[in-house]
Amino acid sequence: MSANVRFIGTEQITQAVAELCIKANTCIGDDILAALTKAKKTETSLLAQTTLDRILENAAVAAREQLPICQDTGMAVIFVSIGSNVHINGDITEAINEGVRRGYQEGYCRNSVVEDPVNRVNTGDNTPAVIYYDFIPGDTLRITVVPKGFGSENMSAICMLNPSDGLSGAEDFIIETVKAADANPCPPIIVGIGIGGTMDKAALMAKQALLREVSSVHPDPLWADVEARLLERINALDIGPAGFGGKTTALGVHILAFPTHIAGLPVAVNIGCHATRHRTAVL
């Protein structure tokens with residue numbers, strides 16, 4: 001084996017995942033806090049301003065007391081990027097699930113996972129996590145924990161459009177999805193969109209798009225314009241914070257696109273709540 005191979009033990013992975021589960025569930029990201037604060041200053045509705053105040057107050061208490069931001073501490077979705085020069089000493093999947101067990105117990109997070117979608121028996125420890133692996137150059141291991149609550153997840157959707165529907169058809173589907181969601185995903189929301197690939201690829205990209213920094217601008221001018229246009233249309237729906245009306249229905253719209261088949265135009269929407277929790281560690 002090459003001398004530049006880096007060995008990472010499973011206990012280190014377990015501990016990192018446990019810490020990320022707690023941190024993600026108790027501390028909103030700085031980018032989202034900044035966006036919420038900015039929204040409060042630009043809102044013209046007194047009720048919307050008051051609602052944003054309560055959201056920010058809740059976030060501050062959760063961070064200070066190390067308590068979950070929301071009672072729905074989600075199903076753990078985990079993205080793992082493994083460097084080509086990394087060797088894991090053991091079963092990485094079991095190490096990650098043990099981290100979820102430990103983190104959810106130590107962080108007093110609700111166990112929300114059932115062992116079968118039909119028999120509905122709770123697993124009692126919020127496992128198994130939904131884990132996605134990919135491989136990157138280098139000698140690092142990057143782990144992102146995304147506790148996904150189902151108030152927002154249930155409002156997500158996918159549509160296999162025809163190529164003739166075009167960008168306007170995709171945009172209309174996205175707007176209708178957000179409109180149908182209304183107050184259910186705890187707005188102001190973040191809208192993750194995946195366009196292209198196959199059905200499953202589009203859905204995955206939509207969830208990955210939620211991880212982008214809220215204030216970031218898409219590097220492709222075409223998609224940057226689409227994001228801005230969709231954000232304006234969504235905020236004109238007057239759903240507002242917690243569904244009480246106002247200018248702030250969404251904090252951001254993030255798009256990921258991928259090549260697709262000549263006969264298809266898959267479009268997926270994954271909605272994140274006002275917290276859109278996620279934390280990353282690099283080992």
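Helix α1, covering residues 10-26, has 17 residues and reaches 25 Å from its first C-alpha to its last, close to the 24 Å expected at 1.5 Å a residue; the expected span is 1.5 Å times one less than the number of residues. Helices here are DSSP runs of H or I with at least four residues, numbered from the N terminus. This is a predicted model, in which local features need pLDDT of at least 70 and side-chain atom pairs count only at pLDDT 80 or more, while totals for chains, interfaces and linings use all residues. Residues are numbered from 1 along each chain as its sequence is written, and side-chain values use heavy atoms, with hydrogens and water left out.

Among the buried residues of α1 are I13, A16, V17, L20 and A24, where buried means under 20% relative accessible area, exposed over 50% and partly exposed in between, computed with a 1.4 Å probe on protein chains only. In general, an α-helix has 3.6 residues a turn, so residues three or four places apart point the same way. Q15 also lies in helix α1, but because its relative accessibility is 31%, Q15 counts as partly exposed.

**Two pairs of helices**

Helix α2 (residues 30-42) and helix α3 (residues 46-65) pack at an angle of about 155 degrees, with their axes 9 Å apart; axes are lines fitted to C-alpha atoms, for helices over the stretch in contact, and angles run from 0 to 180 degrees between N-to-C directions. The angle therefore makes α2 roughly antiparallel to α3, a term used for angles over 145 degrees. Contact, meaning heavy atoms within 4.5 Å, is made by L33, L36, T37, A39 and K40 of α2 and by Q49, L52, D53, I55, L56 and A59 of α3. These residues divide into seven nonpolar, two polar and two charged, where Ala, Val, Leu, Ile, Met, Phe, Trp, Tyr, Cys and Pro count as nonpolar, Asp, Glu, Lys and Arg as charged, and the others, Gly among them, as polar.

The axes of helix α6 (residues 166-181) and α8 come within 11 Å and cross at roughly 35 degrees. Residues that make this contact include I174, I175 and V178 of α6 and W223, V226 and L230 of α8, and the residues of the whole contact divide into eight nonpolar, no polar and four charged.

**Single residues**

I55 is found in helix α3, and because its relative accessibility is 10%, I55 counts as buried. Leaving aside neighbours within four places in sequence, I55 is in contact with L36, P187, P188 and H274.

R212 has its place in the loop between α7 (199-209) and α8 (221-235), and R212 counts as buried because its relative accessibility is 19%. With neighbours within four places in sequence again left aside, R212 is in contact with D31, V217, H218, E227, H254 and I255.

| Pair | Separation in sequence | Distance in space |
|---|---|---|
| Q15 and A95 | 80 residues | 8.8 Å |
| I55 and I195 | 140 residues | 31 Å |

Technical notes:
Parallel < 35°, antiparallel > 145°, perpendicular 65-115°, else oblique.
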